[in-house]
Amino acid sequence: MKRFLLPILALLMISMSVKAQTPETADSPDRKKVAVVLSGGGALGAIHVGALKVIEEAGIPVDMVVGTSMGSIVGALYSVGYNSDDIATMFRTMDWVELFLDRSAQNRLTLNERDEQNTYIYERDFYVGGSKDPRPGGVIRGTNVERVFGYYLHDYADSINFLTDMPRQFACVATDLVDDEQVVLTKGSLVKSIRSSMSIPGVFTPVRMGDMVLVDGGAKNNFAADVARQLGADIVIGVKFDGVINPNKQFRSLMDVMERSAGSDVSRRSKENEKYCDLLIKVPVTGYSSGSFTKKALDSLMVRGEVATRAKMDSLMIIKQQVGLGYGLNMPKPTHAITSLVNIEDEERGLIDLRKNNTIVASIGARYDNEDIVAFQLNGHYYMGGKVNKDLDLTVRLGLRSMLRFGFDMEPWKFKKMGLGYEIWYKYNDIFTRGHRSANMSVIYQKANVKLLSLDALNFDCELGLGWEHYHFFKGLWNEHNEMKVNDNEHYFNYHLRLRYNNEDNRYFTHRGMRTEAQVAYYTDNFAKWKDHSGFTSLMAMWQMTFPLSESTHIRPRLQTRMVFGDDLPVTAYNIIGGPTYGKYFPQQLPLEGFGHSEFFDSKFVSASVRLQQRIFGRHYAMLDASIAEHNNKLGDIFSRKPIYGVQLGYYYNSGIAGPLGCSFGWSSHTHRLHFYVTLGLDF
């Protein structure tokens, strides 16, 4: 009997020992409460992800997270149930440049709103009629921060108590500008709270909560270990970056100033709060700054956080024993509060109308290229609202091509508009013939447009209208290469229909989506005829689509054509090919890879091209383009000539708010000349 009794007793003892170390023990009311304190520091906050990974491996239950600034973002995600691997994935895949801007996702805007966002580098709105300024005290509203983290934290989007309504207790620190004091946020909107904690003064708009005006908590308490103690933590594990500050540093850049004010080791309160920690993990971040949001830098910082925390494994095991869980690794990771990470843009398909009645939206754009030199564009929209939404628009462009535009639209039905527009341009243009400059001329171009009906939806745009165009040429200089005959004045009326569809994710660095456009216009000089006979007609169509070959490699084929039918065609109606973008120098201009300058082609034109887009690393891209084209004045003979070939190689940096910065080399069999082009900024 004793032979059977002893093994049974041994098995019972082993069973009791195993049960004492299972995760359920973490829910015991007698167990000590463990808090993790995460400091601020912008991109340096990536160290917290690596630190949490090791804390998970050590099997230490985290009951509370207290964070400041970036630490509040990591802490909120961890507190709702994401584990370190989930947060690491977010850090690697997040577009941090776009996150910290107010630019909306492409699929949340109408096509006309996309055109504007891809033109202007900065936008500011003002209320009129006695309303308060919607964005006082900051350059950036932080709308993308709230949108993105509102998605990831959507199960906890309502006003809640962070100490009772979340899988882990959570608190974050902000600074109240009214009384210049620290504020510990433990209830309310979770998204608004972390937005408050990371709102760099002067950069992000302060968050208003009741009588408080809240900004970055790093201004008062960047390492809130004392707060964790005040909230009842028995054991505090602190994680902060260990930045070595050069005493001779001049703090000349914005990032230098932000880091110094964010609470480094020379910050008095940050050092004082170290005494509240049972275990302090200081992670070296030499070589990185609070603005190091590249994928490579974030990966490196996460690894540094992991290495520094792993070096404290013996101390973590001691804490684990103090908690009452025994000595051992590999405790199961916490359950997800949200089961999967998906693409936010795929989930957001509803149009969010950010316009408000009686609002003026002012925008500014600036760019440089070696053709246009420097150009500036200013735009003002006055959204008047009312039963029928009304929008008054004024645009001014300054440069070699200067422009003044007025517009008035009204929206009697959702997405359906009617309106009037007028613009006048001064254009200084070089015209080339087979790669040789053949004309140097200036023109005053005027255009008036009546929108009889316009549909402006998320990915689709349609306009039916009546237009008038006038060209006045003067100061023309011609040489032996010129083949044109231009009248001093040309004008005509047109009836036009334009259709557009575009679901591309980015205008300049497209990773997926299709863009297509078609337009037909009938031209006369008296609303009925052209030079006493039937008017002439122009047809334009374009299609392009981007396909991924790999995560960093994409291919984009494109087909385009423009054909003009009729007799006695004016030169200004003929096809103009070349230049970097559609309508860059002339309204009917079509780009063609390999053609840097614009040239007049015959009335029937068709081309095909393909682009290979390769992301080299980070936000750096190389692009290789090849094109083939045909043209003729007779449609039946359009393929009778030898095709024209073009190639182009370019390098570009995606700066985010400022657009593409780069250069390209192009060559074509038509010009037999190499063309070099530099572009800095969004195109307009």
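This is a predicted model: local features need pLDDT of at least 70, side-chain atom pairs count only at pLDDT 80 or more; totals for chains, interfaces and linings use all residues.
Residues are numbered from 1 along each chain as its sequence is written, and side-chain values use heavy atoms, with hydrogens and water left out.

**Helices H3 and H8**

I took helices (H or I, at least four residues) and strands (E, at least two) as DSSP runs, numbered from the N terminus. Helix H3 (residues 70–79) packs with helix H8 (residues 190–197) at an angle of about 155°, and their axes are 8 Å apart. That makes H3 roughly antiparallel to H8, a label for angles over 145 degrees, where axes are lines fitted to C-alpha atoms, for helices over the stretch in contact, and angles run from 0 to 180 degrees between N-to-C directions.

I then listed the residues in contact (heavy atoms within 4.5 Å): Ser72, Ile73 and Ala76 in H3 meet Leu190, Ile194 and Ser197 in H8. By class, this contact of H3 with H8 has 4 nonpolar, 2 polar and no charged residues, where Ala, Val, Leu, Ile, Met, Phe, Trp, Tyr, Cys and Pro count as nonpolar, Asp, Glu, Lys and Arg as charged, and the others, Gly among them, as polar.

Next I checked burial, where buried means under 20% relative accessible area (1.4 Å probe, protein chains only). H3 is mostly covered, with 10 of its 10 residues buried. In H8, 7 of the 8 residues are buried, so H8 is largely enclosed by the rest of the structure; among them are Val191 and Arg195.

**Aromatic pairs**

I counted rings of Phe, Tyr and Trp (its six-membered ring) as a pair if their centres lie within 6.5 Å, with planes under 30 degrees apart stacked, over 60 edge-to-face and the rest tilted. By this rule the count comes to 19 aromatic pairs. Tyr492 and Trp530 form an edge-to-face pair, 6.0 Å centre to centre with 65° between the planes. This pair links distant parts of the chain, since Tyr492 is in strand E21 (residues 489–502) and Trp530 in strand E23 (residues 529–530), 38 residues apart. Tyr492 and Trp530 are buried, and they belong to one aromatic cluster, which is formed by Tyr445, Tyr471, Phe473, Tyr492, Tyr523, Trp530 and Phe536.

Terms used:
Angles under 35 degrees count as roughly parallel, over 145 as roughly antiparallel, 65 to 115 as roughly perpendicular and the rest as oblique. Buried means under 20% relative accessible area, exposed over 50%, partly exposed in between (1.4 Å probe, protein chains only).
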